[in-house]
Amino acid sequence: MLRSDPAYLPELSLVAVVDEQICAHLLFTRIDIEAGQERFPALALAPMAVLPEKQNQGIGSKLVQFGLEQARQLGFTAVIVLGWPEYYPRCGFRPASRWEIRAPFPVPDPVFMALELILGALKNVRGAVPYTQPFYII
Ligand SMILES: CC(C)(COP(=O)(O)OP(=O)(O)OC[C@H]1O[C@@H](n2cnc3c(N)ncnc32)[C@H](O)[C@@H]1OP(=O)(O)O)[C@@H](O)C(=O)NCCC(=O)NCCS
């Protein structure tokens with residue numbers, strides 16, 4: 001569903017290949033942070049997974065760092081993630097609350113995180129992040 005959504009960015013749909021086997025995937029899609037009447041374009045990191053037998057070998061971190069660099073080169077300035085609060089900070093994410101950026105549904109503060117691809121990009125951005133429709137369908 002995300003791939004058929006207008007938020008889909010094929011350039012930011014990534015896989016990691018080890019010994020000719022796809023062992024991890026990572027997707028970034030467009031989202032807007034709703035700051036009052038204004039919308040600030042950003043990215044959502046989700047979903048992401050590494051094959052169980054390939055976990056804890058640095059593949060996930062490398063894939064995230066590669067994806068963040070690709071995103072920066074494409075001109076994006078900030079990324080949001082809803083995920084493990086012990087994992088994503090190692091890739092530079094911090095609780096989004098530090099910028100007063102909120103999830104559109106109740107979540108514990110540490111799990112909703114943001115990262116500036118350009119230092120200061122989120123300085124004057126505060127508001128809610130309405131995820132695209134496919135994220136609401138379970
Ligand atoms: C989370 C995930 C993507 C991490 O990828 P990975 O390649 O295993 O991670 P890395 O090898 O880059 O990093 C490993 C480190 O992260 C830690 N880590 C991995 N998953 C973690 C988690 N869920 N919570 C906290 N720490 C985690 C490991 O303990 C390890 O720490 P260490 O370096 O101090 O020993 C992978 O474990 C996974 O696919 N999990 C199942 C799917 C999932 O949870 N996806 C993310 C949804 S938000």
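Modeller: A residue counts as near a molecule if its C-beta atom, placed from the backbone, lies within 6 Å of it. This is a predicted model, in which local features need pLDDT of at least 70 and side-chain atom pairs count only at pLDDT 80 or more, while totals for chains, interfaces and linings use all residues. Residues are numbered from 1 along each chain as its sequence is written.

Colleague: How many residues surround the ligand?

Modeller: The closest are Gln55, Gly60, Ser61, Gly83 and Glu86. Strand E3 (38-50) and helix H1 (59-73) each give two or more residues to the shell; helices (H or I, at least four residues) and strands (E, at least two) are DSSP runs, numbered from the N terminus. The number of residues surrounding the ligand is 14.

Colleague: What pattern does the protein follow along the sequence?

Modeller: The protein has 1 helix and 8 strands. Read along the sequence, the pattern is β-β-β-α-β-β-β-β-β.

Colleague: Which residues does phenylalanine 28 contact, leaving aside neighbours within four places in sequence?

Modeller: Two residues are in contact if their C-beta atoms, placed from the backbone, lie within 7 Å. Outside its sequence neighbours, phenylalanine 28 touches Leu9, Leu12, Leu43, Ala44, Leu45, Gly67, Ala71 and Val79.
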